[in-house]
Amino acid sequence: MEEDQEAVNLAADWADISQGLRKDLGYQVHSQWIKPIQPGTYCAETGTLDLYLPTEFSANWVTDRFADRLSLAWKIARPDVRHVRILVHPGRRQLPELRLGSGGRPSSAPANDSAHGSADALSAALTGESFASLGQGPAGIDASQTFATFVTGTANVLAFNAAQRMSANEKPQFSPLYLKAATGQGKTHLLHAIGHAYLASHPHARIFYCSAERFMVEFVQALRQNQMIEFKARLRGFDLLLVDDIQFIIGKASAQEELLYTIDALLAEGKRLVFAADRAPQALDGVEPRLLSRLSMGLVADIQPADIELRRSILENRLQRFASIEVPADVIEFLARTINRNVRELVGGLNKLIAYAQLTGQQVSLQLAEEQLTDILSANRRRITIDEIQRTVCQFYRIDRTEMSSKRRARAVVRPRQVAMYLAKVLTPRSYPEIGRKFGGRDHSTVIHAVRLIEELRTRDADMDGDVRSLLRQLES
């Protein structure tokens with residue numbers, strides 16, 4: 001009980017410290033390096049507090065630049081803290097060690113952190129089998145993440161088409177390709193898909209997939225071991241270079257310079273390069289202008305957050321893998337509408353729901369989804385107010401805001417008002433009487449009539465259905 005209370009106190013103190021550091025360091029630096037820190041254990045005898053970061057690279061980077069500031073902040077918040085240690089979280093994912101295999105192909109120590117891993121994969125990893133036997137292609141390409149398994153919509157069609165063009169036989173019109181997307185929107189899937197498709201059409205191609213962090217680690221190791229000539233020769237011998245999370249290529253000027261020269265060398269030979277990041281090249285912190293110029297010289301393809309139609313399609317596509325499990329349409333609609341932060345959480349929510357139903361023998365239902373996905377749902381829930389709905393509807397139909405409460409019965413006013421009532425019922429937890437009060441004190445029966453009318457119109461009037469879909473996208477984005 002005391003340990004739980006101590007953890008709560010540490011979390012509360014860290015929230016205050018983190019907020020102060022955000023003001024001092026700015027949003028970008030704080031979000032990238034300070035926000036991922038998690039308070040760990042505190043030893044009262046020695047006054048030592050452990051702070052955890054997810055990777056060795058980030059722990060070293062924060063130690064070099066912010067150790068003194070973090071130590072001072074903690075000592076001010078808790079005078080009993082005498083020492084602060086910045087460590088790698090005990091449960092962090094190990095980076096496989098990259099080695100140069102035969103024929104100039106990269107090979108890797110056994111690893112498989114794919115969500116599709118199995119007991120067989122773990123056994124194979126322990127006995128030293130290669131990536132290819134674990135469902136991983138050469139250079140760590142995940143064979144399950146292909147173009148065929150990528151669901152497209154208006155939010156990602158540009159990036160999808162550009163990725164396909166990059167893997168085609170004919171020379172791409174643009175290189176490098178830079179995929180920009182927030183976490184969990186599919187940029188890593190497309191990187192793997194490019195590698196998979198390119199290898200299918202070029203069986204003897206040399207492909208290298210890595211994260212920017214891994215590139216930095218490899219570079220530092222080569223520097224320390226006096227193997228820079230081999231490192232450069234290996235990098236420039238690849239036909240396709242795929243680098244993920246390029247936003248982490250910061251701080252080390254020498255590593256950035258080497259990547260710059262590698263890009264120039266590969267482009268000069270007509271090789272293909274693809275980078276992915278969670279922000280545009282111009283928004284990358286700590287990256288020198290020449291490298292930014294190279295990253296943005298080809299095509300920057302943006303993957304937007306998935307809209308509700310795409311989220312539905314992703315869930316329906318995913319359900320094909322669970323043919324024996326019946327998931328009602330209202331559950332799919334509920335998940336698509338409420339889990340809207342990113343695709344990874346959406347698919348994870350569906351997987352969790354189906355796994356729970358299978359393991360307990362229960363039927364998948366709306367009630368089960370609400371009970372078992374509370375953590376995901378609460379993280380995704382954005383409170384939409386009736387005022388916000390009225391304002392958006394008035395802007396859409398170009399009418400004055402006062403018409404939402406007026407007594408006018410002209411069709412040009414009544415229909416938008418009914419749409420707003422319908423959206424208020426769909427997007428907010430308000431009751432019919434509460435909604436009526438927000439629309440000039442109207443009776444709840446008027447709201448019920450409006451909701452039913454718009455529901456019915458959507459089934460037979462394509463224009464009305466299009467208006468409602470457009471408004472839903474605006475309000476949920």
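Reader: Where in the chain is Ile384 found?
Author: This is a predicted model, with residues numbered from 1 along each chain as its sequence is written; local features need pLDDT of at least 70, side-chain atom pairs count only at pLDDT 80 or more, and totals for chains, interfaces and linings use all residues. Side-chain values use heavy atoms, with hydrogens and water left out. Helices (H or I, at least four residues) and strands (E, at least two) are DSSP runs, numbered from the N terminus. On that numbering, Ile384 is found in the loop between α15 (374–380) and α16 (386–397).

Reader: Is Ile384 buried or exposed?
Author: A residue is buried under 20% relative accessible area, exposed over 50%, and partly exposed in between (1.4 Å probe, protein chains only). Ile384 has a relative accessibility of 12%, and therefore counts as buried.

Reader: Which residues does Ile384 touch, not counting residues up to four places away in sequence?
Author: Contact means heavy atoms within 4.5 Å. The C-alpha atoms of Ile384 and Leu427 are separated by 6.7 Å, although the two residues are 43 residues apart along the chain. With residues up to four places away in sequence not counted, Ile384 touches Ile389, Leu427, Thr428 and Leu475.

Reader: How many residues of α17 are buried?
Author: Helix α17 has 17 residues, and reaches 24 Å from its first C-alpha to its last. This is close to the expected 24 Å, where the expected span is 1.5 Å times one less than the number of residues. The helix is mostly covered, and its count of buried residues is 13 of 17.

Reader: At what angle do the axes of α17 and α20 cross?
Author: Two packed helices are described by the angle between their axes and the distance between the axes. Axes are lines fitted to C-alpha atoms, for helices over the stretch in contact, and angles run from 0 to 180 degrees between N-to-C directions. The axes of α17 (residues 411–427) and α20 (residues 462–476) come within 11 Å and cross at roughly 50°.

Reader: Which orientation class does α17 have relative to α20?
Author: Angles under 35 degrees count as roughly parallel, over 145 as roughly antiparallel, 65 to 115 as roughly perpendicular, and the rest as oblique. The crossing angle of α17 and α20 is roughly 50°, so α17 is, relative to α20, oblique.

Reader: Which residues of α17 and α20 make the contact?
Author: The crossing of α17 with α20 is right-handed; a crossing is left-handed if the near helix is turned anticlockwise from the far one by less than a right angle, and right-handed if clockwise. From α17 come Arg415, Val419, Tyr422, Leu423 and Leu427, and from α20 come Met464, Val468, Leu471, Leu472, Leu475 and Glu476.

Reader: How many charged residues does the contact of α17 with α20 have?
Author: Ala, Val, Leu, Ile, Met, Phe, Trp, Tyr, Cys and Pro count as nonpolar, Asp, Glu, Lys and Arg as charged, and the others, Gly among them, as polar. By these classes, the contact of α17 with α20 has nine nonpolar residues, no polar ones, and a charged count of two.

Reader: How far apart are the axes of α5 and α6?
Author: Helix α5 (residues 157–167) and helix α6 (residues 187–201) pack at an angle of about 30°. That angle is why α5 is roughly parallel to α6. The distance between their axes is 8 Å.

Reader: How many polar residues does the contact of α5 with α6 have?
Author: The helices α5 and α6 make a right-handed crossing. Ala159, Phe160, Ala163, Met166 and Ser167 in α5 meet Leu190, Ile194, Ala197, Tyr198 and Ser201 in α6. By class, the contact of α5 with α6 has eight nonpolar residues and no charged ones, while its polar residues number two.

Reader: Which residues does Ala255 touch, not counting residues up to four places away in sequence?
Author: Ala255 lies in helix α9 (residues 253–268), and counts as buried because its relative accessibility is 0%. Its C-alpha atom is 6.5 Å from that of Phe219, 36 residues apart along the chain. Leaving aside residues up to four places away in sequence, Ala255 touches Phe215, Met216 and Phe219.

Reader: What is the value of omega at the cis peptide bond joining Ser175 and Pro176?
Author: Most residues other than glycine have a negative phi, and most peptide bonds are trans. Pro176 is found in the loop between α5 and β6 (177–181). The bond joining Ser175 and Pro176 is cis, with omega about 5°.

Reader: What is the phi of Asn226?
Author: Asn226 lies in the loop between α7 (212–224) and α8 (228–235), and counts as exposed because its relative accessibility is 71%. Its phi is positive, in a residue other than glycine, with a value near 60°.
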